[in-house]
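Thanks for coming. I will go through one model today, strands and sheets to begin with, then a helix, then the cores. Please have a look at it before I go on.

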Amino acid sequence: MNNAQYELTEEMSRMKKNSIKWYKNWKFMITSTIIVLALLIGGMSYYQATRFNSQITINDTKVGGLTAEKAVKKLKTAILANRVYVGKQQILDAEDTKMGFTDDDLPEVKKILKSQWSFFPSFKKKNYLLIPKEADQYRSVTLKKLVEEKLVTMNKSLKAPVNAQAKLEQGQIVISKSENGEQYDIAKLMKDYEKQEFKSDIRLKPVFLQPIKEDSQIVKNEEKKLRELLKQTIDYKVQKKVYSLKASELIKNATVSKDMKITIDPSEIKNKITEINEKQATLNKDIPFKTSSGRIVTVKAQGYGWAIDVDKEAALLQKAFVKGDKSVSATNIYGNGWSNEGIGYENTTNNGIGDTYAEVSISQQRIWLYKNGKMVLSTHVVTGKHITGEDTEKGIWYILYKRTQYTLRGSAVGKSEYAIKVNYWAPFTNSGQGFHDASWRTNWSSNAYLTAGSGGCVNTPPSVMGTVYNYLSTYEPVVIY
């Protein structure tokens, strides 16, 4: 081998050694880099897996960079300011309360930690809602009630919406216009409250009460209801007479409520009942009466007589119109009876007196008893003492009750109180006047009543009083003139 060949061989050997050395260095560097990267990635992954991303909050409490344990520790001290807003307006700043987190909430915090994990650190803002296991009822009960009360108070000073409404005015159906208001829809706001997150500021979206519009189905239904009302006709029976009452004539003003109930102005109905009272009722009216002698006298119906209670009967008819009843009989009848009952409503003959009655003539000092239009008994009597103003009271009365072997108690002008036993007693006035026998009386003359009359009763001869008593009936009219 010559020198040139030797030198070439040496050079090649040296180059080969350098190449092997470089390869080993390069391989070491790559391996080192991979290890470093693996360590970095592993460390970052561990960090990411055990700590919250920087912009994470739970119930508006910052937990970025914290482990689950440290986040719970911070949440334990978190405070709820309990501020309530409607839109931008703060309506309530209630007392501060603790959120109420405990170590029992750690599993749920870890779930949030896991759910927010990202391989690389994230700067995305996100708030998580978490209700503590041992959360007290302040937010769900006490504060909720305070918010509702506050909204109710606020609404009182705000303009309410005005609903469109179908009304009956002066006999015509009209539709009133709706108007927007400023009052809050509390029901919807409270539903919004229930959905609020568990954080200091409760922000409710303003929702206002909306009026019922003119073209709404509600107004159309109201209009239909009123049209149906105006078609109603009721046959109204008073005694034996029937009046045809038309809603279109008697109902001039009416409204329909939200629950579709009709309210009627009863003015015209009352006027109609008053008109019927004037025609038919007998109470406190001067009634023409044909006496036994054939003479026509006028006698006022006082204890006897009836009338329709206008207010009560108007209410009855209003209900009947609304229900669609076709016929109604007068029900609310009153009078001057002991229990305010109207006596004689069933009698329609003889100007309401009927054909069975007792007739008393003060001027003739005589009574006549009629049964079914026929006179069955007549006798002379002595009535109240005229000179002392104890006259038997004129008018139409009725037999209140009947008693035998009765003790009359009372007083007479110029005399002390008395107690007298009688065999028969049939009172006809609430003041104590009535028919009874008078065994003590000796003066039965036709003018005895002027100076020696009774204390107001109708003294009847003992010999005939038993028969009179048997003919008289409870509630029977007694006509005194």
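A word on terms: two strands count as paired if DSSP finds at least two bridges between them. Helices (H or I, at least four residues) and strands (E, at least two) are DSSP runs, numbered from the N terminus. The model is predicted, so local features need pLDDT of at least 70 and side-chain atom pairs count only at pLDDT 80 or more, while totals for chains, interfaces and linings use all residues. Residues are numbered from 1 along each chain as its sequence is written, and side-chain values use heavy atoms, with hydrogens and water left out.

I start with strand β8, residues 165-169. With strand β13 (residues 254-256), β8 pairs in the antiparallel sense over 2 bridges, and there L168 stands opposite A254. With strand β9 (residues 172-176) the pairing is also antiparallel, over 5 bridges; here E169 faces Q172. The hairpin of β8 and β9 has 2 residues between the strands, and Q170 in this hairpin takes a positive phi near 50°.

Next, an open sheet of 3 strands, in the order β2-β1-β7 with mixed pairing. β2 (61-62) and β7 (126-128) are at the edges with a single partner strand each, so one side of each has no neighbour in the sheet. Strand β1 (residues 56-58) runs parallel to β7, joined by 3 bridges, and I56 is opposite K126.

Now helix α5, residues 186-194. Its buried residues are I186, L189, M190, D192 and Y193. They lie on the same side of α5 because they cover an arc of only 155° around the axis, taken from the directions from the helix axis to the C-beta atoms. A187, K191 and E194, on the face turned away, are exposed.

Last, the cores. A nonpolar core is a set of buried Ala, Val, Leu, Ile, Met, Phe, Trp, Tyr and Cys residues joined through side-chain atoms within 4.5 Å. The largest has 34 residues, and Y236, V238 and F321 have the most contacts inside it. Helix α9 (residues 310-323) gives the largest share of this core, 4 residues. Apart from it lies another core, of 25 residues, including L377 and F428.

Technical notes:
Buried means under 20% relative accessible area, exposed over 50%, partly exposed in between (1.4 Å probe, protein chains only).
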